Amino acid sequence: MFRILVVDDDRHTRMLLEAILKAENYTVFTASNGEEALDVMDKEHIDLVVLDIMMPKMDGYEFTKILRKSDNNLPILMASAKQLPADKRRGFIVGTDDYITKPIDEEEMLLRIKALLRRAQIVNDQKIKIGDVVLDYNSFAVSKNGKTQVLPQKEFLLLYKLLSYPGKIFTRIQLMDEIWGAESDTGWETVTVHVGRLRKRFEDWDEFEIESVRGLGYRAVKKV
């Protein structure tokens, strides 16, 4: 279920890395430069970035600096043909978490990705905390003051997505594509149905609320 963004200006490299990562059951997004990567991250939840350095418009160094200046601690694995110690040092100075040289060894890359995910506590601690409320991604459970509700998968993923980006408006189509899949035959109306169920479940909880934004979609609001 982990979502990895591959950023590389070489189309064949993007396709190769995407195939390798999908074979390991990661969800993969791609971008050809730093600007495109930021656009993807504005729309999608990303758990880790595999990042080339030399790219047009915005290179890997600049992309990393922008993320770190905004206090985004997303794990970044730089993958570059640049092999000089000075290049690696610069990568770590701007804020990358790890560095691998091209041509990429598939097994080494996968091991480094798993290590970065563990280090970021994504594998073992995918949780959102809002006051006394805890959403546990690994068990699809929502807990408060010792009481736990285990939600159906789609309901939990919808709530987790909204509360991961409080205040951000998501259209029904965005939520449909991400949680049910772009190839799903289910209509976007099912998002409305699931939001209604979530509102009913948590109507007496003061910590958060799902708001409708007329003509646009939904957003979650934290109250604590």
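Which exposed residues does the face of H1 turned away from its buried side carry? In this predicted model, that outward face of H1 holds Arg11, His12, Leu16 and Ala23, while Thr13, Arg14, Leu17, Ile20 and Leu21 of the helix are buried. Seen down the axis of H1, the buried residues fall within an arc of 135 degrees, and so they line one face of the helix. Among the elements that cover these buried residues are strand S1 (3–7), strand S2 (27–31), strand S3 (48–51) and helix H5 (106–119).

The helix itself runs over residues 11–23, and because 13 residues at 1.5 Å a residue should span 18 Å, the 18 Å between its end C-alpha atoms agrees with that expectation. At the start of H1, the backbone nitrogen of His12 has a side-chain oxygen of Asp10 within 3.2 Å, and after the helix comes Asn25, whose phi is positive, near 70 degrees.

In soluble globular proteins, nonpolar side chains tend to be buried together. Here the largest nonpolar core has 28 residues, of which Leu135, Val142 and Leu159 touch the most other members. Two or more residues come from each of strands S6 (127–130), S7 (133–136), S11 (208–213) and S12 (217–222), and from each of helices H6 (153–164), H7 (172–180) and H8 (189–201), with H6 giving the most, seven residues. Leaving aside neighbours within four places in sequence, Leu135 is in contact with Gln126, Lys127, Ile128, Ala141, Val142, Phe156, Leu159, Tyr160 and Leu163. Apart from this core lies another, of 21 residues, including Ala31, Met55, Phe63 and Tyr99.

How values were computed
Residues are numbered from 1 along each chain as its sequence is written. This is a predicted model: local features need pLDDT of at least 70, side-chain atom pairs count only at pLDDT 80 or more; totals for chains, interfaces and linings use all residues. Side-chain values use heavy atoms; hydrogens and water are left out. A nonpolar core is a set of buried Ala, Val, Leu, Ile, Met, Phe, Trp, Tyr and Cys residues joined through side-chain atoms within 4.5 Å. Buried means under 20% relative accessible area, exposed over 50%, partly exposed in between (1.4 Å probe, protein chains only). Helices (H or I, at least four residues) and strands (E, at least two) are DSSP runs, numbered from the N terminus. Contact means heavy atoms within 4.5 Å. The expected span of a helix is 1.5 Å times one less than its number of residues. The arc is that of the directions from the helix axis to the C-beta atoms. A polar contact is a pair of N or O atoms within 3.5 Å; within protein, one must be able to donate a hydrogen and the other to accept it, and residues adjacent in sequence count only if both atoms are side-chain atoms.
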